[in-house]
Amino acid sequence: MTSFRGLLAYPITPLTSGDAPDLDALAALVGDAARAGVDGVVVLASSGAGVTFAPEERDAVVRAAVAAGSVAASARVAVHVAVSGASTREVVARARAARDDGADGLVLAPFSYLPLDEDEVVAVFEAVATAVDLPVCYYNRSVQTAYDLSPEALARLARATTVSAVKDPASTPARPIGRVATLRAATEGLGVSVGLSGDAAIVGGAEAADAWHTGLAALVPSEYVALRRARAAGAEPDAPLVAWLRDLAAVLAGLRPVSGLHALATLLGVPTAPPRGPSLPVPPDGVARLREVVARRPGRRAAG
């Protein structure tokens, strides 16, 4: 089992027609990802719309994912849980619940009604470290939170808390070239995994990183595992595969993030309703664009 290294898949939380989490569909997603060879899954993050679920729903989702990860592969896949919340109290409660439900690690993007400063950010992670003994991945949502994690702050967190990884955006326009190397240098000797998110950038050849964090990998895990393994080995990945993933990522980039993944899931045969509001379903023209790309999936056929 790995801790925030390799390929981390972020599944959606499928919903029934009655707007409840579809635990069977979620278990199938986790199982498929594990069998394909991903290194871990993260539930209830942005892709999984975690902040829209009540505590008892979150518990059910985590338990279903942990159970699916335990039986889906000869070596159990790591199951991590996103625990972001609008207050430290809420974050700590979610962290404790995730631990009790069997999580292997936590993913946390600190946010509040007003942007936080560095001391406030560190205080949130210190509170989590005091409450639970689990590795934590810092989810750097710099655009959404108006706080961009600096290399120095990451080193501070790695020394003072249980932060052992960072999920950093690879697709932010202002992100400097060499960001991964800078983060690695700042945390040298601290065992921090520097990972990237942003499917368009990852597929397009973003700089090498210790991990890829992606919602798309949870829906097309075999393709993503093949790409990750080729890149990690320094080999040239299959050109048609790269072209298809690039086209799929490009269409998704033009849609609302969670809604786009739910629409794609439906086209791939995953039973789910659209995400909960305020997210709106993908309009028909967006579904048509996704369907056209899915129909070209190498070696596969669309479900509908």
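Modeller: Happy to! Let's begin with leucine 44, which is buried at a relative accessible area of 4%. Here buried means under 20% relative accessible area, exposed means over 50%, and partly exposed is in between (1.4 Å probe, protein chains only).

Colleague: Where does leucine 44 sit?

Modeller: Leucine 44 is in the loop between strand 2 (40-43) and helix 2. Helices (H or I, at least four residues) and strands (E, at least two) are DSSP runs, numbered from the N terminus. Leucine 44 also has a phi near 65°, a positive value in a residue other than glycine.

Colleague: Before we go on, what kind of model is this?

Modeller: This is a predicted model, where local features need pLDDT of at least 70, side-chain atom pairs count only at pLDDT 80 or more, and totals for chains, interfaces and linings use all residues. Residues are numbered from 1 along each chain as its sequence is written, and side-chain values use heavy atoms, with hydrogens and water left out.

Colleague: Thanks! What is phi for aspartate 19?

Modeller: The phi of aspartate 19 is near 70°, again a positive value in a residue other than glycine. Aspartate 19 lies in the loop between strand 1 (6-9) and helix 1 (23-36). Its relative accessibility is 38%, so aspartate 19 counts as partly exposed.

Colleague: Zooming out, how many helices and strands are in the chain?

Modeller: The chain has 12 helices and 8 strands. Its C-alpha trace spans about 50 × 45 × 40 Å along the principal axes.

Colleague: And why does the radius of gyration agree with a compact globule?

Modeller: Because a compact globule of 304 residues would have a radius of gyration near 19 Å, and the chain has 18 Å. That radius is taken over C-alpha atoms, and the globule rule is 2.2 Å times the number of residues to the power 0.38.

Colleague: What share of the residues is buried?

Modeller: Buried residues make up 54% of the 304 in the chain. As for contacts (heavy atoms within 4.5 Å), take those with a separation of 6 or more: 72% of them are between residues 24 or more positions apart.

Colleague: Back to single residues. Is aspartate 104 buried or exposed?

Modeller: Aspartate 104 counts as buried because its relative accessibility is 17%. It lies in the loop between helix 3 (88-100) and strand 4 (105-108).

Colleague: What does the side chain of aspartate 104 make a polar contact with?

Modeller: With the side chain of arginine 76, at 2.8 Å. A polar contact is a pair of N or O atoms within 3.5 Å; within protein, one must be able to donate a hydrogen and the other to accept it, and residues adjacent in sequence count only if both atoms are side-chain atoms.

Colleague: How about glutamate 223, buried or exposed?

Modeller: Glutamate 223 is buried, with a relative accessible area of 6%, and lies in helix 9 (residues 221-232). Its side chain makes a polar contact with the side chain of arginine 297 (2.7 Å).

Colleague: Last topic, prolines. Which residue does a cis peptide bond join to proline 278?

Modeller: Glycine 277, with omega at about 15°. Proline 278 lies in the loop between helix 11 (257-267) and helix 12 (284-294). Another proline, proline 240, is found in helix 10 (residues 239-253) and counts as exposed at 51% relative accessibility.
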